[in-house]
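Subject: Structure handover

Hi,

Here is the structure for you to look over. My notes follow below it.

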Amino acid sequence: MSFQRFISNPVSEWMNGGGGDADIVISSRVRLARNLQEHPFPMLATDSQSEQVIQKVQQAMEDETFQELGPFEMIRMDDLTSLQKRVLVEKHLISPNLAGESRKGAAVVSTNEEISIMINEEDHIRIQCLFPGLQLKEAWSIANTIDDAFERHLDYAFHEQRGFLTSCPTNVGTGIRASVMMHLPALVMTQQINRILSAITHVGLVVRGLYGEGSEATGNLFQISNQITLGQSENEIVANLYSVARQIIEQERAARTLLLENNRLQLEDRLCRAYGVLTNARIIESKEAAQKLSDVRLGIDLDIVKGIEASVINELMIMTQPGFLQQYAGQQLTPDSRDERRARLIRERLQVSKNS
């Protein structure tokens, strides 16, 4: 296995469209934040102290649990260019924080890219499991297995009353962040989305964009995650998010049915026009591309746009990001050049898919 695979292949397992309710739930993620006893938090650690953490994590990964889940590859941030790190962020394998601000940061990534263990990010260890579709319980099970394996070899920073101690107070307690990435175009089109998102915030959940905190919800993609990590068990947090996700799925399906029954011609026109733009445009900005890809994805799910697999649209959502475009070009690109290459890439990929 080579690191080049992670940056040259845009398709991770979670993008292949498997898992339950994959027409609406793009992915399920569970992340656990952990720190080591008697080690300064990463933001306060020296380079030598951060290196000690990396060495301890590597030793802990000799546990047979990791042999069963692996193979894994260690990727050190110091060895990467800013563009390579950006590609890993766009694939959701590392966080923007690890790519940009961490000292002596590293990531251990599984071959299928479903497991990513970030080292010396905001916390010493961040275990991430990312699965396609609605598989929150499965992602939590694997993350918990990894956590147990680490705990057999590492001395976690833990307080009897407060739970796991973390760099950010909002993660203290269980240290868990569970999230689902949902494609909700019909709720947006029927103008129900604001009401639903407002209700979500009242049950201890938060809504963000494609790349988490601070990112905009483009392409009708919404990341919904728990906000509370203290006072509930991990199982309760996962179960609560799963229950809310199921309710949102039902409402999105109802909205799609409503659009088909009441506005089918207008809906078909919009979705087919989006496909026409993507297959013919010579220049396209990232926001417009995200919206048109969202429309085509809905068209595929409703059997209006035929001959294209949903996984191709998932792939293009990543391939059309600035980092990937520049990685393929082998150079930094101006915004205008990126818009031209994005349009060409979409045209060529859809044409290949249509002919296959």
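Arginine 342 counts as buried, because its relative accessibility is 2%. Buried here means under 20% relative accessible area, exposed means over 50%, and partly exposed lies in between (1.4 Å probe, protein chains only). Arginine 342 sits in helix H13 (residues 335-355). Helices (H or I, at least four residues) and strands (E, at least two) are DSSP runs, numbered from the N terminus. Neighbours within four places in sequence aside, arginine 342 is in contact with Ile284, Glu285, Ser286, Ala289, Thr320, Pro322 and Leu325. Contact means heavy atoms within 4.5 Å.

Before you go further, two ground rules. This is a predicted model, where local features need pLDDT of at least 70 and side-chain atom pairs count only at pLDDT 80 or more, while totals for chains, interfaces and linings use all residues. Residues are numbered from 1 along each chain as its sequence is written, and side-chain values use heavy atoms, with hydrogens and water left out.

**Helices**

Helix H12 covers residues 322-329 and is largely enclosed by the rest of the structure, because seven of its eight residues are buried. Those are Pro322, Gly323, Phe324, Leu325, Gln326, Gln327 and Ala329. Just after H12, glycine 330 has a positive phi of about 75°.

Helix H8 (residues 193-201) packs with helix H9 (residues 234-280) at an angle of about 170°, their axes 12 Å apart. H8 is therefore roughly antiparallel to H9. Axes are lines fitted to C-alpha atoms, for helices over the stretch in contact, and angles run from 0 to 180 degrees between N-to-C directions. Under 35 degrees counts as roughly parallel, over 145 as roughly antiparallel, 65 to 115 as roughly perpendicular, and the rest as oblique. H8 brings Arg195, Ile196 and Ile200 to the contact, and H9 brings Val244, Ile248 and Gln251.

Leucine 302 lies in the loop between helix H10 (286-301) and helix H11 (310-319). Leucine 302 is buried, because its relative accessible area is 18%. Its contacts, leaving aside neighbours within four places in sequence, are Arg256, Leu260 and Leu267. Leucine 302 and threonine 334 are 32 residues apart in sequence and 37 Å apart in space, C-alpha to C-alpha.

**Sheet**

Eight strands form an open sheet in the order E2-E3-E4-E5-E1-E8-E10-E9, with antiparallel pairing. Strand E2 (72-76) and strand E9 (205-208) are at the edges with a single partner strand each, so one side of each has no neighbour in the sheet. The twist averages 20° from one strand to the next. Two strands pair if DSSP finds at least two bridges between them.

Strand E1 (residues 25-34) pairs with strand E5 (residues 125-132) over eight antiparallel bridges. Serine 28 is opposite phenylalanine 131 in E5.

How many residues of strand E10 (residues 221-226) are buried? Six of six, so this strand is mostly covered. Strand E8 (residues 176-183) pairs with E10 over five antiparallel bridges, and serine 179 stands opposite serine 225 in E10. E9 and E10 run antiparallel and are joined by four bridges. Valine 207 stands opposite isoleucine 224 in E10.

**Cysteines**

The whole structure has zero disulfides, a disulfide being a pair of cysteine sulfur atoms within 2.5 Å. Cysteine 129 is buried, because its relative accessibility is 0%. Cysteine 168 is partly exposed, because its relative accessibility is 23%.

Best wishes
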